[in-house]
Amino acid sequence: MLYNIFLPSHEQNRHHYRYHVRTRNTNQVMRKFLSLMMIGLIAVMAWSCDDDDDKNTPISFSDLPKTAQNFLNEYYPSDKVVSIDREGKHEGTEYDVRMASGHEVEFDAAGQWTDVDAPAQQYVPEGIVPEPIRQYVTENFQAFGINEISREKYGYEVELTSGLELRFDHDGIFIGHLD
(Lines give C-alpha, C1' and ligand atoms only; values in the text may rest on other atoms or scores of the structure.)
Protein backbone atom coordinates (compact mmCIF):
# COMPACT_ATOMS: atom_id res chain seq x y z
CA MET A 1 0.00 0.00 0.00
CA LEU A 2 2.03 2.84 -1.30
CA TYR A 3 -0.35 5.54 -0.19
CA ASN A 4 0.23 4.54 3.46
CA ILE A 5 3.61 6.27 3.47
CA PHE A 6 1.84 9.58 3.04
CA LEU A 7 -0.38 9.07 6.07
CA PRO A 8 0.72 9.96 9.61
CA SER A 9 1.76 6.90 11.60
CA HIS A 10 -1.37 6.79 13.79
CA GLU A 11 -3.48 6.85 10.55
CA GLN A 12 -1.39 4.03 9.10
CA ASN A 13 -2.06 1.84 12.13
CA ARG A 14 -5.79 2.56 12.03
CA HIS A 15 -5.92 1.80 8.30
CA HIS A 16 -3.98 -1.46 8.76
CA TYR A 17 -6.37 -2.49 11.54
CA ARG A 18 -9.40 -1.83 9.29
CA TYR A 19 -7.82 -3.86 6.48
CA HIS A 20 -7.07 -6.74 8.85
CA VAL A 21 -10.62 -6.77 10.30
CA ARG A 22 -12.18 -6.54 6.83
CA THR A 23 -10.04 -9.47 5.57
CA ARG A 24 -10.89 -11.60 8.61
CA ASN A 25 -14.64 -10.92 8.20
CA THR A 26 -14.45 -11.73 4.49
CA ASN A 27 -12.69 -15.03 5.24
CA GLN A 28 -15.36 -15.97 7.80
CA VAL A 29 -18.14 -15.22 5.33
CA MET A 30 -16.42 -17.27 2.63
CA ARG A 31 -15.96 -20.22 5.00
CA LYS A 32 -19.65 -20.14 5.95
CA PHE A 33 -20.66 -19.87 2.31
CA LEU A 34 -18.46 -22.81 1.28
CA SER A 35 -19.72 -24.89 4.21
CA LEU A 36 -23.33 -24.25 3.22
CA MET A 37 -22.53 -25.07 -0.40
CA MET A 38 -20.94 -28.39 0.62
CA ILE A 39 -23.93 -29.29 2.82
CA GLY A 40 -26.27 -28.46 -0.07
CA LEU A 41 -24.19 -30.48 -2.53
CA ILE A 42 -24.15 -33.50 -0.23
CA ALA A 43 -27.92 -33.24 0.27
CA VAL A 44 -28.56 -33.09 -3.50
CA MET A 45 -26.24 -36.06 -4.10
CA ALA A 46 -27.96 -38.13 -1.41
CA TRP A 47 -31.39 -37.30 -2.82
CA SER A 48 -30.37 -38.11 -6.40
CA CYS A 49 -28.82 -41.43 -5.38
CA ASP A 50 -32.13 -42.70 -4.05
CA ASP A 51 -32.21 -46.28 -5.32
CA ASP A 52 -35.99 -46.54 -5.66
CA ASP A 53 -35.89 -45.44 -9.30
CA ASP A 54 -33.09 -47.80 -10.29
CA LYS A 55 -34.31 -50.91 -8.54
CA ASN A 56 -35.50 -53.83 -10.63
CA THR A 57 -38.86 -54.86 -9.24
CA PRO A 58 -40.29 -58.27 -10.14
CA ILE A 59 -43.87 -57.97 -11.42
CA SER A 60 -46.53 -60.31 -12.76
CA PHE A 61 -47.65 -60.68 -16.38
CA SER A 62 -50.88 -58.80 -15.63
CA ASP A 63 -48.85 -55.77 -14.45
CA LEU A 64 -47.29 -55.34 -17.90
CA PRO A 65 -48.87 -52.74 -20.19
CA LYS A 66 -51.58 -54.32 -22.40
CA THR A 67 -49.53 -53.63 -25.54
CA ALA A 68 -46.65 -55.70 -24.13
CA GLN A 69 -49.02 -58.50 -23.08
CA ASN A 70 -50.51 -58.62 -26.58
CA PHE A 71 -47.03 -58.69 -28.15
CA LEU A 72 -45.94 -61.66 -26.00
CA ASN A 73 -49.21 -63.53 -26.64
CA GLU A 74 -48.86 -62.99 -30.40
CA TYR A 75 -45.17 -63.76 -30.94
CA TYR A 76 -44.47 -66.18 -28.08
CA PRO A 77 -47.79 -68.07 -27.67
CA SER A 78 -46.27 -71.38 -26.52
CA ASP A 79 -43.29 -69.96 -24.61
CA LYS A 80 -43.49 -69.53 -20.85
CA VAL A 81 -42.57 -66.25 -19.15
CA VAL A 82 -39.87 -66.96 -16.55
CA SER A 83 -39.49 -63.48 -15.09
CA ILE A 84 -40.56 -59.88 -15.59
CA ASP A 85 -38.69 -56.97 -14.03
CA ARG A 86 -39.78 -53.35 -13.98
CA GLU A 87 -36.97 -50.82 -13.85
CA GLY A 88 -37.87 -47.28 -12.81
CA LYS A 89 -41.16 -45.73 -11.79
CA HIS A 90 -41.85 -42.84 -14.12
CA GLU A 91 -41.87 -42.18 -17.86
CA GLY A 92 -38.42 -43.83 -18.08
CA THR A 93 -39.85 -47.14 -16.91
CA GLU A 94 -38.65 -50.22 -18.75
CA TYR A 95 -39.80 -53.82 -18.57
CA ASP A 96 -37.45 -56.77 -19.07
CA VAL A 97 -39.15 -60.09 -19.86
CA ARG A 98 -37.25 -63.38 -19.91
CA MET A 99 -38.79 -66.43 -21.54
CA ALA A 100 -38.19 -70.14 -20.81
CA SER A 101 -36.69 -70.54 -24.31
CA GLY A 102 -33.98 -68.00 -23.48
CA HIS A 103 -35.52 -65.16 -25.50
CA GLU A 104 -35.56 -61.73 -23.84
CA VAL A 105 -37.79 -58.79 -24.71
CA GLU A 106 -37.52 -55.24 -23.38
CA PHE A 107 -40.47 -52.85 -23.44
CA ASP A 108 -40.78 -49.12 -22.78
CA ALA A 109 -43.34 -47.56 -20.41
CA ALA A 110 -46.04 -47.66 -23.12
CA GLY A 111 -45.47 -51.38 -23.76
CA GLN A 112 -43.71 -50.97 -27.13
CA TRP A 113 -40.81 -53.37 -27.62
CA THR A 114 -37.38 -51.72 -27.61
CA ASP A 115 -35.17 -54.81 -27.84
CA VAL A 116 -35.80 -58.44 -28.74
CA ASP A 117 -32.93 -60.87 -28.18
CA ALA A 118 -32.82 -64.56 -29.04
CA PRO A 119 -30.33 -67.06 -27.59
CA ALA A 120 -27.12 -67.66 -29.56
CA GLN A 121 -27.70 -69.00 -33.09
CA GLN A 122 -31.48 -68.62 -32.80
CA TYR A 123 -33.73 -66.11 -34.54
CA VAL A 124 -36.15 -63.48 -33.25
CA PRO A 125 -39.76 -64.00 -34.41
CA GLU A 126 -39.93 -63.05 -38.08
CA GLY A 127 -43.12 -61.04 -37.73
CA ILE A 128 -41.58 -58.30 -35.59
CA VAL A 129 -38.87 -57.43 -38.10
CA PRO A 130 -39.98 -54.71 -40.56
CA GLU A 131 -40.34 -56.10 -44.09
CA PRO A 132 -37.55 -53.97 -45.72
CA ILE A 133 -35.06 -55.15 -43.07
CA ARG A 134 -36.10 -58.78 -43.43
CA GLN A 135 -35.78 -58.50 -47.22
CA TYR A 136 -32.32 -56.85 -47.03
CA VAL A 137 -30.99 -59.54 -44.69
CA THR A 138 -32.44 -62.33 -46.86
CA GLU A 139 -30.91 -60.89 -50.05
CA ASN A 140 -27.48 -60.05 -48.60
CA PHE A 141 -26.90 -62.54 -45.76
CA GLN A 142 -28.73 -65.71 -46.82
CA ALA A 143 -26.81 -67.98 -44.44
CA PHE A 144 -27.67 -65.93 -41.35
CA GLY A 145 -30.79 -64.94 -39.46
CA ILE A 146 -31.59 -62.05 -37.16
CA ASN A 147 -30.53 -62.84 -33.59
CA GLU A 148 -31.39 -59.45 -32.05
CA ILE A 149 -33.24 -56.31 -33.07
CA SER A 150 -33.37 -53.00 -31.19
CA ARG A 151 -35.23 -49.77 -31.77
CA GLU A 152 -32.86 -46.83 -31.70
CA LYS A 153 -33.23 -43.06 -32.20
CA TYR A 154 -32.04 -43.36 -35.79
CA GLY A 155 -34.12 -46.46 -36.60
CA TYR A 156 -33.13 -50.09 -35.97
CA GLU A 157 -30.03 -52.00 -34.99
CA VAL A 158 -29.92 -55.65 -36.03
CA GLU A 159 -27.46 -58.34 -34.97
CA LEU A 160 -27.19 -61.39 -37.19
CA THR A 161 -26.42 -64.91 -35.95
CA SER A 162 -22.91 -64.38 -37.35
CA GLY A 163 -22.39 -61.51 -34.89
CA LEU A 164 -22.45 -58.85 -37.62
CA GLU A 165 -24.37 -55.74 -36.57
CA LEU A 166 -26.31 -53.66 -39.09
CA ARG A 167 -28.05 -50.28 -38.89
CA PHE A 168 -31.28 -49.31 -40.62
CA ASP A 169 -33.26 -46.07 -40.60
CA HIS A 170 -36.91 -45.85 -39.53
CA ASP A 171 -38.05 -46.91 -43.00
CA GLY A 172 -35.84 -50.02 -42.95
CA ILE A 173 -33.26 -48.58 -45.37
CA PHE A 174 -29.76 -49.93 -44.74
CA ILE A 175 -27.44 -47.29 -43.22
CA GLY A 176 -24.29 -49.29 -42.52
CA HIS A 177 -22.39 -51.75 -40.35
CA LEU A 178 -21.56 -51.19 -36.71
CA ASP A 179 -17.91 -51.52 -35.71
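Reader: What makes strands E6 and E7 a pair in this structure?

Author: In this predicted model, strand E6 (residues 146–151) and strand E7 (residues 155–160) run antiparallel and are joined by 5 bridges. Pairing requires at least two bridges, so E6 and E7 count as paired. The two strands form a hairpin with 3 residues between them, and Glu-148 stands opposite Glu-159 in E7.

Reader: What makes E7 and E8 a pair, and what lies between them?

Author: Strand E8 (residues 165–169) pairs with E7 in the antiparallel sense over 5 bridges, and at least two are needed. Glu-159, which faces Glu-148, also stands opposite Glu-165 in E8. The hairpin of E7 and E8 has 4 residues between the strands, and Gly-163 takes a positive phi near 100° there.

Reader: Why is the pair of Phe-71 and Phe-107 called edge-to-face?

Author: The count comes to 7 aromatic pairs. The ring centres of Phe-71 and Phe-107 are 5.6 Å apart and the planes stand at 80°. Rings pair if their centres lie within 6.5 Å, and planes over 60 degrees apart count as edge-to-face; therefore Phe-71 and Phe-107 are an edge-to-face pair. The pair links distant parts of the chain, with Phe-71 in helix H2 (residues 66–75) and Phe-107 in strand E4 (residues 104–107), 36 residues apart. Phe-71 has a relative accessible area of 8% and is buried; Phe-107, at 0%, counts as buried.

Reader: How do you know the geometry of Tyr-136 and Phe-168?

Author: The centres of these rings, of Tyr-136 and Phe-168, are 5.5 Å apart and their planes are at 80°, so the pair is edge-to-face. The pair links distant parts of the chain: Tyr-136 belongs to helix H3 (residues 131–140) and Phe-168 to strand E8, 32 residues apart. Phe-168 counts as buried, at 0% relative accessibility. Tyr-136 and Phe-168 form one aromatic cluster with Phe-141 and Phe-174.

Reader: What makes Arg-151 a charge over the ring of Trp-113?

Author: Arg-151 lies over the face of Trp-113, at 4.1 Å from the ring centre, where the distance limit is within 6 Å. The charged end of Arg-167 likewise sits over the ring of Tyr-154, 4.8 Å from its centre.

Reader: Why is the contact of Arg-98 with Asp-85 called a salt bridge?

Author: The closest N and O atoms of Arg-98 and Asp-85 are 2.6 Å apart. The limit is within 4 Å, so the two residues form a salt bridge. The pair links distant parts of the chain, with Arg-98 in strand E3 (residues 94–99) and Asp-85 in strand E2 (residues 81–87), 13 residues apart. Asp-85 is buried at 14%, whereas Arg-98 is partly exposed at 25%. Arg-98 also forms a salt bridge with Asp-96, at 2.7 Å between the closest N and O atoms.

Reader: Why are Arg-134 and Glu-131 said to be separated by about one helical turn?

Author: Arg-134 and Glu-131 are 3 residues apart in helix H3, which means a separation of about one helical turn. Their side chains meet in a salt bridge (2.3 Å, N to O). Arg-134, at 22%, is partly exposed, and Glu-131, at 43%, counts as partly exposed. Elsewhere, salt bridges that share partners join Asp-85, Asp-96 and Arg-98 into one network.

Terms used
Residues are numbered from 1 along each chain as its sequence is written. This is a predicted model: local features need pLDDT of at least 70, side-chain atom pairs count only at pLDDT 80 or more; totals for chains, interfaces and linings use all residues. Side-chain values use heavy atoms; hydrogens and water are left out. Rings of Phe, Tyr and Trp (its six-membered ring) pair if their centres lie within 6.5 Å; planes under 30 degrees apart count as stacked, over 60 as edge-to-face and the rest as tilted. Buried means under 20% relative accessible area, exposed over 50%, partly exposed in between (1.4 Å probe, protein chains only). A charge sits over a ring if NZ of Lys or CZ of Arg is within 6 Å of the ring centre and within 35 degrees of the ring normal.
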